[in-house]
Amino acid sequence: MSTVAKSPGRLVVVGQGFVGLPIAMRAVEVGFDVVGVDVDVVRVWSLRDGRSYVEDVTDDELKRALSSGRYRPTDDYADVEGFDAAIITVPTPLRDSSPDLSFIEAATSSIAQHVRPGVTVVLESTTYPGTTEELVVPLLEKGSGLSAGQDFLVGYSPERIDPGNTRWRFANTPKVVSGVDSRSLAAVRRLYDRLVEQTVPVTTPKEAELAKLLENTFRHVNIALVNELAVFAHQLGVDIWEAIDAATTKPFGFMRFTPGPGVGGHCLPVDPTYLSWRVRRDLKRDFRFVSLANDVNDHMPDYVVQRLGASLNRMRKPVNDSTVLLLGLAYKPNTGDIRESPALRITELLTEQGANVQAVDSHVEPHRCPSTVKLVELSCQVVRDADAVVLLTDHDDVDYTLVQRNATAILDTRRRLSGANVEYL
């Protein structure tokens with residue numbers, strides 16, 4: 001880590017979810033006074049009580065931050081008054097297949113009212129190239145009456161949080177940083193040099209914004225490739241998992257990706273579409289790789305339900321009035337992030353066909369679960385009562401031996417189980 005001047009001491013982190021909360025905890029750890037803002041009142045209450053809903057942040061870590069007196073969770077922007085730096089980590093979902101930047105707009109406009117000369121504002125939310133300079137800067141200038149680059153400093157640093165990853169965490173993952181001018185870049189770099197082990201400066205926010213989209217588009221396209229291969233391999237009577245294992249032995253020119261029930265979280269179902277939307281709007285071209293990957297990955301939940309229906313039919317049971325037990329609702333193992341999870345679409349499709357849908361997931365916040373699914377505790381009786389079990393998210397805290405011994409039929413989309421009653425995607 002480079003030697004730098006002391007960074008600002010009062011830091012605001014807007015958004016206390018899977019990105020913002022780990023940043024807030026790290027900032028408290030290195031000496032910042034942190035105000036964590038979130039519009040979800042239930043989450044703010046939980047934080048104040050020392051209860052973390054983010055697996056990467058333990059209750060003990062949260063309680064230490066609270067007891068230090070340097071962490072204040074709030075839903076009131078009045079509490080950010082007097083900040084030195086602000087990091088915006090709000091969601092950027094899709095609405096009708098177009099970018100929805102309303103959360104960025106609301107957060108930026110609220111922060112702008114408290115901007116004063118010398119402060120630094122950084123956007124971390126994933127978005128299309130140009131957002132920082134074309135949207136965030138004008139909103140900050142309008143709300144503050146000041147000029148970016150001259151009176152206050154603005155930059156972009158794409159989030160690289162990987163929920164549940166115990167090897168690469170916020171502090172030791174290289175951080176791409178940028179600014180709207182050289183002074184802004186220097187200020188943004190000073191800020192993150194306090195927070196992470198390595199910063200990677202790029203010339204403008206546009207390059208930083210594109211870098212994030214490139215990272216996730218790469219994954220999205222390759223997952224789509226192996227998902228489509230999985231569908232065809234099953235129809236051809238080929239074991240896709242054995243083929244992937246064999247290919248993985250090649251020490252060069254191959255990277256392992258595995259099939260699943262679809263893609264979820266904020267990144268893969270959303271981020272590549274931000275890039276294709278910008279290309280389509282400005283260049284009047286179709287980003288064909290993204291369009292094809294979207295088509296494949298978006299239809300994997302339909303394929304899961306189709307395979308489940310075929311399995312039930314072999315047992316002479318219709319989907320209608322069958323009890324289906326889903327193992328995992330979150331989009332990835334050992335996290336509670338349910339955003340854009342393929343489990344949501346699978347639940348919707350099964351409910352439309354008349355199934356009674358139950359789910360086991362100790363990580364997901366109950367108030368964020370769909371009303372059409374009943375959360376249950378895993379037990380022998382729950383598994384026995386289910387006509388079929390579908391493994392969607394392979395959390396480590398599930399007793400898979402219990403499941404395998406008591407289930408009538410299992411559709412395993414993650415290749416976690418084995419046995420005569422198990423069918424792979």
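User: What area is buried between domain 1 and domain 2?
Analyst: About 1,900 Å² is buried between domain 1 and domain 2, with carbon and sulfur atoms giving 55%. Buried area is the accessible area (1.4 Å probe) that two parts lose on being put together, summed over both. This is a predicted model: local features need pLDDT of at least 70, side-chain atom pairs count only at pLDDT 80 or more, and totals for chains, interfaces and linings use all residues. Residues are numbered from 1 along each chain as its sequence is written, and side-chain values use heavy atoms, with hydrogens and water left out.

User: Where are the two domains?
Analyst: Domain 1 covers 10–203 and domain 2 covers 236–424; the bounds come from an automatic or database domain assignment. Their C-alpha centres lie 32 Å apart. The contact (heavy atoms within 4.5 Å) takes 23 residues from domain 1 and 23 residues from domain 2.

User: How many salt bridges cross that interface?
Analyst: The rule finds four salt bridges across the interface of domain 1 and domain 2. A salt bridge is a side-chain nitrogen of Lys or Arg within 4 Å of a carboxyl oxygen of Asp or Glu.

User: Which residue meets Lys332 in a salt bridge?
Analyst: The side chain of Asp162 does, at 2.5 Å, N to O.

User: Changing topic, what is the strand order in the open sheet of six strands?
Analyst: The order is β13-β12-β11-β14-β15-β16, with parallel pairing. Strands are DSSP runs (E, at least two residues), numbered from the N terminus, and two strands pair if DSSP finds at least two bridges between them.

User: Which strands stand at the edges?
Analyst: β13 (374–375) and β16 (422–424) do; each has a single partner strand, so one side of each is left without a neighbour in the sheet.

User: And how many bridges join β12 and β13?
Analyst: Strand β12 (residues 356–360) pairs with β13 over two bridges, in the parallel sense. Leu375 in β13 is the bridge partner of Ala359.

Conventions
Helices (H or I, at least four residues) and strands (E, at least two) are DSSP runs, numbered from the N terminus.
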